[in-house]
Amino acid sequence: MAMPACSEKLLFQQMPLGLKADSELISDTGERQKLAHSLKDVNLLFFGYTRCPDFCPMTLHKIRSAVEGDAALQKKLSLLFISVDAQNEKPADLKSYLQVFPYARGFTGSREEIADVEKSFGAYSKDEQGKLSHSLYLYLLNKDGKVIYLLRHDDPVKKLKRALKQAASL
């Protein structure tokens with residue numbers, strides 16, 4: 001069985017998923033903001049929450065590992081972290097949680113607003129007896145906010161880095 005080479009190009013294709021032009025939430029600065037205003041050349045969108053015991057911190061650690069030491073990539077990158085815990089998380093919580101990611105912005109809003117953004121990505125979150133369950137994808141977006149590639153939370157750092165570097169070169 002042949003394995004793809006590490007340098008093999010990933011196939012990016014614009015999908016019918018992505019940000020609506022009017023999608024607006026409360027940013028980690030406490031101000032209402034259109035999500036599209038946070039877009040750069042390379043964008044990752046991730047649904048999670050700050051009290052998540054496993055997937056969220058592991059995924060954020062992978063992102064950090066993938067871009068660490070690459071100032072050019074970090075300059076082109078915007079990470080949009082949308083909290084699925086509208087009831088408990090405030091903008092200050094997100095700002096504190098994401099402080100080690102200078103390229104990240106955190107967002108929250110009402111449960112209905114978050115559900116609307118989730119719907120435009122085919123994502124979900126739900127409270128199951130006090131435990132939050134949510135989509136585990138990283139959505140790679142173009143500068144127009146459309147999904148061009150889906151990364152799984154368990155994809156290796158090498159694949160994440162390759163996807164980000166390839167998107168940065170478009």
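User: How do you know that the span of helix α5 (residues 157-168) agrees with its number of residues?

Analyst: The expected span of a helix is 1.5 Å times one less than its number of residues. For the 12 residues of α5 this gives 16 Å, and the end C-alpha atoms are 16 Å apart, so the two values agree. Helices (H or I, at least four residues) and strands (E, at least two) are DSSP runs, numbered from the N terminus. This is a predicted model, in which local features need pLDDT of at least 70 and side-chain atom pairs count only at pLDDT 80 or more, while totals for chains, interfaces and linings use all residues. Residues are numbered from 1 along each chain as its sequence is written, and side-chain values use heavy atoms, with hydrogens and water left out.

User: Why is I63 called buried?

Analyst: Buried means under 20% relative accessible area, exposed over 50%, and partly exposed in between (1.4 Å probe, protein chains only). I63 has a relative accessible area of 0%, and therefore counts as buried. This residue lies in helix α1.

User: What is I63 in contact with, leaving aside its neighbours within four places in sequence?

Analyst: Contact means heavy atoms within 4.5 Å. On that basis I63 is in contact with L44, L79, Y103, L138 and L160. Of these, L138 is 75 residues from I63 in sequence, and the two C-alpha atoms are 9.7 Å apart in space. L160 is one of the buried residues of α5, which also include A163 and L164. What covers the buried residues of α5 includes α1 (55-67) and β8 (137-141).

User: Why does S23 count as buried?

Analyst: S23 has 5% relative accessibility, so it counts as buried. S23 is placed in the segment before β1 (24-27), and touches Q33, K34, L35 and V117, not counting residues up to four places away in sequence.

User: What lines the largest pocket, by class?

Analyst: Ala, Val, Leu, Ile, Met, Phe, Trp, Tyr, Cys and Pro count as nonpolar, Asp, Glu, Lys and Arg as charged, and the others, Gly among them, as polar. The lining accordingly has 7 nonpolar, 2 polar and 3 charged residues. Strand β7 (residues 131-134) gives the most to this lining, with 4 residues.

User: Which strand provides the largest share of the lining of the second largest pocket?

Analyst: Strand β6 (residues 125-128) does so, with 3 residues. By class, the lining of this second largest pocket divides into 3 nonpolar, 4 polar and 5 charged residues.
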